[in-house]
Amino acid sequence: MNKITFARIFGGVIILFVLAILISLFMGFRLFSSAGFIPPSLYGEWSNGLIALHNFSDFFIWASYLVIPIVLIKFANKRAHELPFPHLFWLFGLFIVACGTTHLIDIILFYEPVYRLSGVVKLFTAAASIGTVFALVKVIPSALFLKSPETMLIEINERKIVERQLREREKQLSDAQKIAMIGSWRWEIESDIVAWSDELYRIFGKPQNQPVNYESYIHSVHPDDRENTMEMIARAIQIKKPFDFFEKIIRPDGVVRILHSRGEVITDSEGKPIRMIGTCQDVTTAKEQEEELRRTKDELEIRVKERTQELLKINEELQKEIMERKKAIENTEAALREKEILIKEVHHRVKNNLQIISSLISLQSNQIKDKEMGHFFEQTKNRIKSIALVHEKLYKSRDLSSINCEEYLNELINNVYETIKTESSNVFLRIEIEKIFISIDFAISLALIINELASNSLKYAFPNNRKGQIYVSLKQEDEAKFILVLRDDGVGFTKEVNLNNTNTLGLRLVNVLVEQLGGTISVNNSKGTEYIITLSNLV
């Protein structure tokens, strides 16, 4: 209920009260007169106790009706800004006082029948009652929309939560601005009122209670950038577009900082600029780092150029050295080719000389009638052929330092077989030689060993044209160990053979050659004859 409505109702109550006064005046000064009336206590069966009961009850009712409005009005005055209808409490107070007065009049009537005064009081009470009724009728529609205490409590709690969240977000924003060193600002163009965030005050080095405006801001800008800053702001207002530029400021303590300033223009409904908002970020450290990086880059470029010149010089020297080494390598290769040709020629000549010697021995053996002596010459010739075969292989090979055992020994064994097979035509060969490369010295010794043992098997193991087989193998067990096996299934020796004490020249030669090669030899005479020779360091 607003003040105008209350004034109307209260005015109506006053009018009724004045009307009651006029009626009493019309009655004359007999308002307090009891003439013509009898007190109620004088008629009927009123006892003193009954009269006391009525009087005490009316008195306490009147006293209560007097205290209640006082408390209500005092409460309404203190909480007027919170109560929805504070003026209604005055009407209730007036109504309660009027009702209480009627009870006071009832006490007086027992002793002094002032019924005229009683009527005026009741008329005043009626006026207060009617005014209160009208006031209640007026406020009921508005009162129906009042929120319940529970609803108001919920809304209060929700508002507190929202306010707390808002404070937290404001703190988070402030912390974020502090961490990023970004301050926000707002400038009311017409009134020249400028608002800075806490971080912006820290960036400019000013106390937070110090007022700022456009002029004080421009005064903080470095003289070198002041004109450009004013032009950027004026142009942004003119074209109503955002701006973005870097500027230097001078703090009150003389420290220069570099800022990255951004802003945009806010216009009214008619398009007139009324406000500018934006941010300023302190990028001094980043700019200093950029400058340091630029200086470092320039220094590195200088060093790279100097180092490039040094490398070019070194490269020229290396190219020169490479050319010299290349020339030296070519000369060395030419010398090696000449040496290789000479070595091949030597091997060729050695082979030819050995063949000549072998031929001379053959011619000489044809003139010898002694069969044993002829046999001796034949063995010598075969040994010479074994050595000659080594030189022939080296002459035909690209590698002059080693010989392929697989090719060399196969050919050697077949040559021995072809030489002696007329006497043992029913003997077959089984050869298993691995592809092993050995030096020339080892090749000659190994050839002589195989020549002696294979010749003995072909000559003596298969008498009377006996059938049989000769097995020859050379295998590498590990990096430095080789096993040579020569086995036949012939008649074998008639008694146990001691290679360290034998009269046979061939076996003595085999024993000596095995010792020279750092190997060992063993003989198995159980089924034919088997020689197992263990060698090392052939390669």
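His222 sits in the loop between helix H7 (214–220) and helix H8 (223–239). Helices (H or I, at least four residues) and strands (E, at least two) are DSSP runs numbered from the N terminus. The model is predicted: local features need pLDDT of at least 70, side-chain atom pairs count only at pLDDT 80 or more, and totals for chains, interfaces and linings use all residues. Residues are numbered from 1 along each chain as its sequence is written, and side-chain values use heavy atoms, with hydrogens and water left out.

**His222**
- His222 counts as buried because its relative accessibility is 15%; buried means under 20% relative accessible area, exposed over 50%, and partly exposed in between (1.4 Å probe, protein chains only).
- Beyond residues up to four places away in sequence, His222 touches Lys248, Ile249, Ile250 and Val256; contact means heavy atoms within 4.5 Å.

**Whole chain**
- The protein chain has 13 helices and twelve strands.
- Of its 539 residues, 33% are buried.
- Among contacts with a separation of 6 or more, 63% join residues 24 or more positions apart.
- The chain exposes about 34,500 Å², and carbon and sulfur atoms supply 58% of that; accessible areas come from the Shrake-Rupley method with a 1.4 Å probe, and for residues only the protein chains shown count as cover.

**Nonpolar cores**
- The largest nonpolar core has 39 residues; such a core is a set of buried Ala, Val, Leu, Ile, Met, Phe, Trp, Tyr and Cys residues joined through side-chain atoms within 4.5 Å.
- Elements giving two or more residues to this core include helix H11 (405–420), helix H12 (440–460), strand E9 (468–478) and strand E10 (481–488).
- H12 gives the largest share of this core, ten residues.
- Cys405, Leu409, Leu446 and Leu474 are among the residues with the most contacts inside this core.
- Leaving out residues up to four places away in sequence, the contacts of Leu474 include Cys405, Leu409, Leu446, Phe482 and Leu484.
- Another core, of 21 residues, lies apart from it, with Leu200, Tyr201, Ile218 and Val221 among its members.

**Asp488**
- Asp488 is in strand E10.
- Asp488 is buried yet has no salt bridge, and the nearest side chain of opposite charge, Arg466, is 8.3 Å away.
- For charge, Lys and Arg count as positive and Asp and Glu as negative; His and the chain ends are not counted.

**Salt bridges**
- The whole structure holds 18 salt bridges; each is a side-chain nitrogen of Lys or Arg within 4 Å of a carboxyl oxygen of Asp or Glu.
- Arg275 and Glu188 form one of them (2.7 Å, N to O).
- This pair links distant parts of the chain: Arg275 in strand E5, Glu188 in strand E1, 87 residues apart.
- Arg275 is partly exposed, at 26% relative accessible area.
- Arg262 pairs with Asp244 in a salt bridge, the closest N and O atoms being 3.3 Å apart.
- Arg262 lies in strand E4 and Asp244 in strand E3, so this pair ties together parts 18 residues apart in sequence.
- Arg294 and Glu291 meet in a salt bridge at 2.3 Å, N to O.
- Both lie in helix H9 (residues 284–366), three residues apart, so about one helical turn separates them.
- Salt bridges that share partners join Glu291, Glu292, Arg294, Arg295 and Asp298 into one network.
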